[in-house]
Amino acid sequence: MAMYRRLASGREEPAELNLLVPMVTITDDREAGLQPLVDHLPDLTMEQALELPMTLVGTLDQITAQLRAQRERYGFSYLTVMEPEMEAFAPVIAELRGE
C-alpha cells in the first residue's frame, strides 16, 4: 500500500482500491477457522494469519470490525469475494449495508 500511495501521489483522481477475499468463515473460533490455512502454509504463523487483510474469519462482529478498520487504514473501496465464499459473505453485506 505504501508503494502504491507513493507511485499514485500525482494522480488527479484516486484509484479505487480492491481487495480480493478468498476466505470467509463466520465462526466463534478464529484460530480454528484459520488452522487449515496455517497448515497449508507452514511458514505462516497463526499470528500472521490473523492479521491478513484477505482472510475474513471470526464472528460477524469481528469481520465487520475488521473490514471497517481495513477501509480506514488501507482505503479499500470495494471487495471481491470468490464465488464459493459468497453465501458466507451475505450476512456481512447485510450488516455493512449503507456504510
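Predicted model: local features only at pLDDT ≥ 70, side-chain atom pairs only at ≥ 80, totals over all residues.
Helix α4 is followed by Gly75, a residue whose phi is positive, near 85°. The protein has five helices and four strands, arranged along the sequence in the pattern α-β-β-α-α-β-α-β-α.

**Overall dimensions and burial**

- Taken along the principal axes, the C-alpha atoms of the protein fill a box of roughly 45 × 35 × 20 Å.
- The protein has 99 residues, and buried residues make up 29% of them.
- Of the contacts between residues at least 6 apart in sequence, 66% join residues at least 24 apart.

**Helix α4**

- Helix α4 covers residues 60-74.
- The 15 residues of α4 should span 21 Å at 1.5 Å a residue, and the end C-alpha atoms of the helix are 21 Å apart, which agrees.
- Ile63, Thr64, Gln66, Leu67, Gln70 and Tyr74 are the buried residues of α4.
- Seen down the axis of α4, these buried residues fall within an arc of 155°, so they line one face of the helix.
- Asp61, Glu72 and Arg73, on the other side of α4, are exposed.

**Helix α5**

- Helix α5 covers residues 86-96, and its buried residues are Phe89, Val92 and Leu96.
- These residues cover an arc of only 50° around the axis, which puts them on the same side of α5.
- The buried residues of α5 pack against β2, β3, α4 and β4.
- Val92, one of the buried residues of α5, touches Ile26, Leu60, Ile63, Thr64 and Leu67, when residues up to four places away in sequence are not counted.

**Nonpolar cores**

- In soluble globular proteins, nonpolar side chains tend to be buried together.
- The largest nonpolar core in this model has 13 residues, of which Val21, Val24, Leu56, Leu67, Phe89 and Val92 touch the most other members.
- The elements that give two or more residues to this core are β1 (17-21), α4, β4 (76-81) and α5.
- A second, separate core has eight residues, including Leu34, Val38, Met46 and Ala49.

- Met23 lies in strand β2, residues 23-26, and counts as buried because its relative accessibility is 17%, under the 20% cut-off.
- Not counting residues up to four places away in sequence, Met23 touches Gly33, Leu34, Leu37, Met54, Thr55, Leu56, Val57 and Glu85.
- Met23 and Glu47 are 24 residues apart along the chain, and their C-alpha atoms are separated by 16 Å.
- Gly33 is found in helix α2, residues 30-40, and counts as buried at 14% relative accessibility.
- With residues up to four places away in sequence left out, Gly33 touches Met23 and Val57.
- Gly33 and Thr55 are 22 residues apart in sequence, with a C-alpha to C-alpha distance of 9.9 Å.

**Glu85, a buried charged residue**

- Glu85 lies in the loop between β4 and α5.
- Glu85 is buried yet has no salt bridge, and the nearest side chain of opposite charge, Arg30, is 14 Å away.
- Leaving aside neighbours within four places in sequence, Glu85 is in contact with Pro22, Met23 and Val24.

**Salt bridges**

- The count of salt bridges comes to two.
- In one of them, the side chains of Glu99 and Arg68 meet at 2.6 Å, N to O.
- Glu99 lies in the segment after α5 and Arg68 in helix α4, so this pair ties together parts that are 31 residues apart in sequence.
- Arg68 is partly exposed, with a relative accessible area of 31%.
- A salt bridge also joins the side chains of Glu99 and Arg71, at 3.5 Å, N to O.
- This pair links distant parts of the chain, with Glu99 in the segment after α5 and Arg71 in helix α4, 28 residues apart.
- Arg71 is partly exposed, with a relative accessible area of 38%.
- Through salt bridges that share partners, Arg68, Arg71 and Glu99 are joined into one network.

Key. Residues numbered from 1 in each chain as written. Heavy atoms only, no water. Core = buried A, V, L, I, M, F, W, Y, C linked by side-chain atoms within 4.5 Å. Buried < 20%, exposed > 50% of the residue type's maximum accessible area, 1.4 Å probe, protein only. Contact = heavy atoms within 4.5 Å. Expected span 1.5 Å × (residues − 1). Arc of directions from axis to C-beta. Lys, Arg positive; Asp, Glu negative; His and termini not counted. Salt bridge = Lys/Arg side-chain N within 4 Å of Asp/Glu carboxyl O.
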